[in-house]
Amino acid sequence: MRLGTALVLSAPSGAGKTTLVKKLLKEFPNFGFSISCTTRTPRPNETDGKDYHFLTKQQFDEQRIQGKFAEWAAVHGNFYGTPLEPLQTLFGQGHDVLLDVDVQGAAQLRNTLPHASFVFIMPPSMKELERRLRSRGTDSDEDIAKRMHNASQEIACARWFDAVVLNDRLDKAYDELRSLYLAATCKTALNRNLIDHILLEDTLPSHS
């Protein structure tokens, strides 16, 4: 049995990452699931341990200092983090995990998950990205300007990702993302047990 791996995806808002993730999860429904931690107040329909692990800021800070998060970030005055130990357990059981994070979170995961594969979803152009954001009809001009500014900074970080998928045509972009995931599962570091198993079989006495 091979070890599991993490497929880490980042993209600017409007690049179409959510659509690609849904397609990948539909085709590969056995991805392991990591429950994040947060310090924000639970919403009425949320359950602790199912939707999030809800922590106090003191609890979160203690776990952060102890190195218990694979990545963490402060967002709108609250903290969010991905627990490291459950990920390591999933990997040891041969489960792959899909992690959808911003570029800051991805940078932290580069240090804590050495066998992960990092993919950046790229919009066709800045002009098309702005058109997509405006077509939603949910953001003000000020919000769109802020998202576009953030997008330029995020795209600059794409240089250190393992791969870039240009989402100009959904079918083509998905084929590329799918191929990158399958290639990631073939990494030698994840398949050492398979190598040892084949070699061990060769040393066993024949019963013929």
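In this predicted model, four strands make an open sheet, ordered S3-S2-S5-S4, with mixed pairing. Strand S3 (53–54) and strand S4 (69–75) are the edges, and each pairs on one side only. Strands S2 (residues 37–38) and S5 (residues 78–83) run antiparallel and are joined by two bridges. Cysteine 37 has glycine 81 of S5 as its bridge partner. Strands of a sheet pair through backbone hydrogen bonds, in either the parallel or the antiparallel sense.

The table lists their contacts and angles.

| Helix | Strands touched | Angle between directions |
|---|---|---|
| H2 (residues 57–65) | S2, S4 and S5 | about 140° with S4 |
| H3 | S4 and S5 | about 25° with S5 |

**Nonpolar cores**

Nonpolar side chains tend to be buried together in soluble globular proteins. Here the largest nonpolar core has 20 residues. Ala6, Val8, Leu87, Leu99, Leu109, Leu113 and Phe118 touch the most other members. At least two residues each come from strand S1 (6–10), helix H3 (84–92), strand S6 (97–100), helix H4 (103–112) and strand S7 (117–122). H3 gives the largest share, four residues.

Which residues does leucine 99 contact, leaving aside its neighbours within four places in sequence? They are Ala6, Leu7, Val8, Leu9, Thr82, Leu87, Leu109 and Leu113.

A second, separate core holds 18 residues, including Ala11, Phe28, Ile121 and Val165.

**Strands S7 and S8**

Four bridges pair S7 with S8 in the parallel sense. One of the links is isoleucine 121, whose bridge partner in S8 is valine 165. Both residues also belong to the second core.

**Asparagine 191**

Asparagine 191 sits in the loop between helix H7 (170–184) and helix H8 (192–203). Is asparagine 191 buried or exposed? Its relative accessible area is 14%, so it counts as buried, the cut-off being under 20%. The asparagine 191 side chain reaches the backbone oxygen of threonine 185 at 3.1 Å. Not counting residues up to four places away in sequence, asparagine 191 touches Arg2, Thr185 and Cys186.

Methods. Residues numbered from 1 in each chain as written. Predicted model: local features only at pLDDT ≥ 70, side-chain atom pairs only at ≥ 80, totals over all residues. Heavy atoms only, no water. Core = buried A, V, L, I, M, F, W, Y, C linked by side-chain atoms within 4.5 Å. Buried < 20%, exposed > 50% of the residue type's maximum accessible area, 1.4 Å probe, protein only. Contact = heavy atoms within 4.5 Å. Polar contact = N/O pair within 3.5 Å; in protein donor to acceptor, adjacent residues only side chain to side chain. Pairing = 2+ DSSP bridges. Axes fitted to C-alpha atoms, helices over the stretch in contact; angles between N-to-C directions.
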